[in-house]
Amino acid sequence: MASHEKDLSVGRNLKIGVFHLGSGMADVLTTGVWNRIMISDLGFAAIPVSLLISLRYFLAPIGVWAGRVSDKKTFFGLRRLFWIWLGRGMMVLSTFGLGFATAELARHPGEATWLSWLSLAATLILFSLGSALSGSTFLALIYDRAAEKQRGRAVGIVWTFLLLGFTIGGIFFSVMLPEAEGAGNLSFSPNDLLNLFLVSGGLFAGLWFFSLLGEERRGSIPSVDTETETEINWRNDLALVWSLPSMRFFLFYLTLSMFFAFSQDPVLEPFAGDVFGMDAQTTNRFAAYWGGT
């Protein structure tokens with residue numbers, strides 16, 4: 001297969017890892033900060049807010065399709081980066097859109113219309129779709145960029161940056177919003193809220209662009225064995241995975257691990273605001289504590 005240079009130095013590995021620094025911060029902004037503001041500060045019901053946040057999990061299988069297409073085809077001479085730039089561009093635009101929609105709700109608390117909810121749903125669908133399209137193709141890019149003996153280190157560094165994103169994001173967002181006087185009192189103005197999302201979206205764009213600049217050459221596409229390729233489809237892939245006891249065990253282990261690790265996200269910050277009267281600046285730091293440990 002024609003590919004980029006296979007020797008991935010630690011320096012370039014760290015540069016690529018910055019991608020997930022932005023990913024972790026984006027996760028904190030939606031599942032932590034926005035979730036808490038909508039429920040505790042603006043007084044909306046938790047069920048519709050949580051459903052909007054969880055859209056990306058329902059759309060995640062789209063990432064499998066994007067990854068398979070990127071294995072075989074190029075767009076504008078790019079295999080992986082086309083999907084990554086497309087997906088992350090959608091996430092940046094949705095961050096801006098979410099800021100405008102939420103700030104409008106803050107200007108008129110308790111007056112949400114069907115159009116308000118439609119705007120929120122559209123922005124979070126865009127965010128979730130962008131995450132699905134770019135997530136799996138980013139991991140495929142790491143596979144392409146690193147030699148076999150380097151892939152363990154490459155993936156380890158990248159996922160460490162994700163945890164750093166949780167930590168840095170929690171601190172950054174707590175600084176961006178002024179100190180509140182108590183739950184239910186919207187001490188930050190709608191403009192403060194809008195500024196938080198606009199600055200965050202710009203920061204995400206910068207981190208993602210820097211991390212992947214120059215990491216894929218145009219025209220690199222693998223040679224595909226057409227006889228083998230015709231036998232490969234999603235059903236065969238799933239049947240192969242399910243037929244291996246070790247893979248089935250790992251699937252259950254991974255599912256439960258992710259559930260217990262991240263199920264606190266949509267609950268903890270609104271709970272702290274509603275029950276313990278903690279302000280947004282305080283609860284925003286919860287992600288920093290979690291990521292740090």
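Biologist: Which residues do the ring pairs link into a cluster with W65?

Modeller: In this predicted model, ring pairs join W65 with F75, F76, F82 and W83.

Biologist: Nice. How are F75 and F82 arranged, stacked or edge-to-face?

Modeller: F75 and F82 are stacked, with 4.7 Å centre to centre and 20° between the planes.

Biologist: How many aromatic pairs does the structure hold?

Modeller: There are 16 aromatic pairs. One of them is F19 with W208, a tilted pair at 6.2 Å centre to centre and 45° between the planes. F19 sits in helix α1 and W208 in helix α8, so to speak a link between distant parts of the chain, 189 residues apart. Both of these residues are buried.

Biologist: What lies over the face of W208?

Modeller: R88 does, at 4.8 Å from the ring centre. Elsewhere, R151 lies over the face of Y143, at 3.6 Å from the ring centre.

Biologist: Switching to the core, how many residues are in the largest nonpolar one?

Modeller: It has 53 residues, and V33, W34 and F138 are among those with the most contacts inside it. Helix α1 gives the most to this core, with 13 residues.

Biologist: What does V33 touch, sequence neighbours within four places aside?

Modeller: V33 is in contact with V28, F173, L177, L196, E269 and N284.

Biologist: Which residues are in the second core?

Modeller: That separate core has five residues, including A66, W83, M90 and L133. W83 also belongs to the ring cluster we began with.

Notes: Residues numbered from 1 in each chain as written. Predicted model: local features only at pLDDT ≥ 70, side-chain atom pairs only at ≥ 80, totals over all residues. Heavy atoms only, no water. Core = buried A, V, L, I, M, F, W, Y, C linked by side-chain atoms within 4.5 Å. Buried < 20%, exposed > 50% of the residue type's maximum accessible area, 1.4 Å probe, protein only. Helix = DSSP H or I, 4+ residues; strand = E, 2+ residues; numbered from the N terminus. Contact = heavy atoms within 4.5 Å. Phe/Tyr/Trp six-rings, centres within 6.5 Å; stacked < 30°, edge-to-face > 60°. Lys NZ or Arg CZ within 6 Å of the ring centre and 35° of its normal.
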